[in-house]
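Hello,

Here is the structure I promised to pass on. My notes follow below it.

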Amino acid sequence: MEQASWVPSSVDLDRPSAARMYDYFLGGSHNFAVDREAAKSVEQIFPGMSGAARANRSFLRRAVRYLLAQGIDQFLDLGSGIPTVGNVHEIAQQTNPAARVVYADVEPVAVAHSTALLADNPLAVAIQADLRDPDSVLGSDEVRSMLDFDRPIGLLMVAVLHFVPDSDEPAEAIARYRDALAPGSFVAMSHASWDGVSQEGRESGEQVNAIYRRTDSPLVLRTGAEVAAFFTGLEVVEPGVVPLSEWRPDSDDAYITAYAGVGRKV
C-alpha cells in the first residue's frame, strides 16, 4: 500500500492503531483501511463507540474551559491523538490567544499531522513521546521551552489511561507528572470503566478488547474506585470523579461507561 506523503515511513499500514481508530470514530480523515476495518468491527459489537468518542471530546472541551476560567494559560496534553475539530489549542486560544499548548503522543501519524497543523502556530507544538516515560516527556526540549513549570499547568489525560496496563505502572507515572507541576496546577482525566455494565455487555466488551489487542494499545477498563485513586495527592474539584456525562455538563452527551474528574495540586 502506497503511503501518503504526510505518513511517516515507520507506520505499519497492516496493523490498526487505537489513535487512528479514535480519529475514525470522531469523523476524522487521518485513518487507513486497516483502522476503519477494526473500528467498524468495534461498532458492530458496540454501536455506541462513536458517541463515546464524542462524549470524551466534549469532556475535553469542558475541562479546558474550566481550567481557563481558573487562570490556566498553558497545557500539556498527554496521549493527545490525531488532531480534529475541538483541539486543546483551538479551545484555549479562542479564549486566551496567548495560551501555550504541548501535545504528546506515541503515535507517529498523530504527531506528524499535529506538526503540520501547528506549523504556523508559535504557541503550540507536538512531540512524539510515551506518557509512560514521564522523564522523557518532562525533559523534552520542546516541552521545557514551551511551558514554564514554575507556573500552574493544565495536564490533560483524556481517554488515554485505559490503554495503559497496570504492568506499566500508570499510578507511578501520574505521580511523577503531579510532582513536577507547580501548586495551582490541574490534572484532568477521563477513563473507560466496567462499572454498571451487564454481563452481556461485558461479553461484548471482551470482543472489543480482542480487537484492540491487535493494536499497540489494548484496552484496560477500571472501576470508579481505581480511577479515583489516580487523583491521589490532588484536591478533586466539584463534582468529583463522576460518570463522564455528569462532569459539569453543558449539553446532552451520550451516557458512556466512563469516569471523569479534575484535580488541583495545592
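Which helices do the buried residues of H1 pack against? They pack against helix H2 (33–45), helix H3 (49–69), helix H5 (108–117) and helix H9 (199–212).

Some ground rules. This is a predicted model, where local features need pLDDT of at least 70, side-chain atom pairs count only at pLDDT 80 or more, and totals for chains, interfaces and linings use all residues. Residues are numbered from 1 along each chain as its sequence is written, and side-chain values use heavy atoms, with hydrogens and water left out. Helices (H or I, at least four residues) and strands (E, at least two) are DSSP runs, numbered from the N terminus.

**Helix H1**
H1 spans residues 18–25. Six of its eight residues are buried (under 20% relative accessible area, 1.4 Å probe, protein chains only). They are Ala18, Ala19, Arg20, Met21, Asp23 and Phe25. Ser17 caps the N-terminal end: a side-chain oxygen lies 3.2 Å from the backbone nitrogen of Ala19. Gly27 follows H1, with a positive phi near 85°.

**Strand S5**
S5 covers residues 186–192, and seven of its seven residues are buried. Phe186, Ala188, Ser190 and Ala192 lie on one side. Val187, Met189 and His191 lie on the other. In a regular strand, side chains alternate between the two faces of the sheet. Strand S4 (residues 154–158) pairs with S5 in the parallel sense over five bridges (pairing takes at least two DSSP bridges). Val158 has Ser190 of S5 as its bridge partner.

Best wishes

Technical notes: Buried < 20%, exposed > 50% of the residue type's maximum accessible area, 1.4 Å probe, protein only. Contact = heavy atoms within 4.5 Å. Polar contact = N/O pair within 3.5 Å; in protein donor to acceptor, adjacent residues only side chain to side chain.
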